[in-house]
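Here is a short note to read with the structure open beside you. Take the points one at a time and look up each residue as you go.

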Amino acid sequence: MTSPSHPDPVPRRRLKRTEYDRLAELGAFEDERVELIHGELLTMSPIGGRHVWTVRKLTTLLGAAMLGRADLVPQCSFAASDDSEPQPDLALVAPDEGGFGELAASALLLIEVAETSLAYDLGLKAALYAASDVREYWVVDLATRSVIVHRDSDGTRWEQITTVRPGGTVSPVAFPDLALPLEAFVPAASDAP
């Protein structure tokens, strides 16, 4: 076991995004839900019914509202850094971001839906997105039916973090004219599949 005063003496070989992508092309992660974070493969949480419902509702709401204004990219890899390729539930990117066969490397908004992954989404992923070219980051917390909004990154952490609770609305900073009521995409316990 390691401790801060006694670091792990075994050197680790971390993967780069290009290596991870090549391994995925070769089928190395077939039937596995993994993502590359800081050079390490991390297992993703299973997707439950409430999670799927929320992603579907957000995709419908944002897809219709962003037509011609931004591209909505659901559940695809994001080029966060040379050693990180997370898979946010939704990414809102500029129409010219990423070319054919390329991953988006900047985002107007990234959204994660947390059914069992709240600590991961608010910890490691929030820090990774703050250090990346991400303008805004939302975590939809299904347990509390709220949205934790992260804005104004200083390149290492988010300067502004607010929580929008049931009954409230949330708007992307890039599109302040779009007001999304939480009830439109966060299921009540009795409504969820």
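**Notes on the fold**

1. Leaving aside neighbours within four places in sequence, Leu58 is in contact with Gly63, Leu72, Leu90, Ile111, Val140, Leu180 and Phe185. Leu58 belongs to helix 2. Is Leu58 buried or exposed? With a relative accessibility of 0%, Leu58 counts as buried. Please keep in mind throughout that this is a predicted model.

2. Leu58 also shows how chain distance and spatial distance can be read side by side. Leu58 and Leu182 are 124 residues apart along the chain, and their C-alpha atoms are separated by 10.0 Å.

3. Now widen the view to the core. The largest nonpolar core holds 23 residues, and those with the most contacts inside it are Leu58, Ile111, Trp138, Val140, Val170, Leu180 and Phe185. Two or more residues each come from helix 2 (49–66), strand 4 (90–93), strand 6 (109–114), strand 8 (136–141) and strand 9 (146–153). Which element gives the largest share of this core? That is helix 2, with 4 residues. Apart from this core lies another one, of 18 residues, including Ala91, Ala130, Val134 and Ile148.

4. Not counting residues up to four places away in sequence, Val140 touches Thr54, Leu58, Ile111, Glu112, Val113, Ala114, Ser146, Val147, Phe185 and Val186.

5. Strand 3 and strand 4 run antiparallel and are joined by 4 bridges; Leu72 has Leu92 in strand 4 as its bridge partner. Strand 4 then pairs with strand 6 in the antiparallel sense over 3 bridges, and the bridge partner of Ala91 in strand 6 is Leu110. Between strand 6 and strand 8 there are 5 bridges, and these two strands run parallel. Here Glu112 stands opposite Val139 in strand 8.

6. Carry on to strand 9. Strand 8 and strand 9 run antiparallel, joined by 6 bridges, and Tyr137 has His150 in strand 9 as its bridge partner. These two strands form a hairpin with 4 residues between them, and Arg145 in the turn has a positive phi of about 55 degrees. Strand 9 also pairs with strand 10 (residues 158–164) in the antiparallel sense over 6 bridges, where the bridge partner of Val147 is Val164. In this second hairpin, with 4 residues between the strands, Gly155 takes a positive phi near 100 degrees. Why is strand 9 described as largely enclosed by the rest of the structure? Because 6 of its 8 residues are buried.

7. The side chain of Arg151 reaches the backbone oxygen of Ser171 at 2.5 Å. Arg151 also touches Arg135, Glu136, Trp158, Glu159, Gln160, Ser171, Pro172 and Val173, not counting residues up to four places away in sequence.

8. Finally, the aromatic rings. A search of the whole structure finds 4 aromatic pairs. Phe78 and Tyr129 form an edge-to-face pair, 6.4 Å centre to centre with 80 degrees between the planes. Phe78 lies in the loop between strand 3 (71–74) and strand 4, and Tyr129 in helix 4 (residues 124–130), so this pair ties together parts that are 51 residues apart in sequence. Both Phe78 and Tyr129 are buried. The rings of Tyr129 and Tyr137 have centres 4.8 Å apart and planes at 70 degrees, so that pair is edge-to-face. Tyr137 is buried, as is Tyr129. Ring pairs link Phe78, Tyr129, Tyr137 and Trp158 into a cluster.

Definitions and conventions:
Residues numbered from 1 in each chain as written. Heavy atoms only, no water. Core = buried A, V, L, I, M, F, W, Y, C linked by side-chain atoms within 4.5 Å. Buried < 20%, exposed > 50% of the residue type's maximum accessible area, 1.4 Å probe, protein only. Contact = heavy atoms within 4.5 Å. Phe/Tyr/Trp six-rings, centres within 6.5 Å; stacked < 30°, edge-to-face > 60°. Polar contact = N/O pair within 3.5 Å; in protein donor to acceptor, adjacent residues only side chain to side chain. Pairing = 2+ DSSP bridges.
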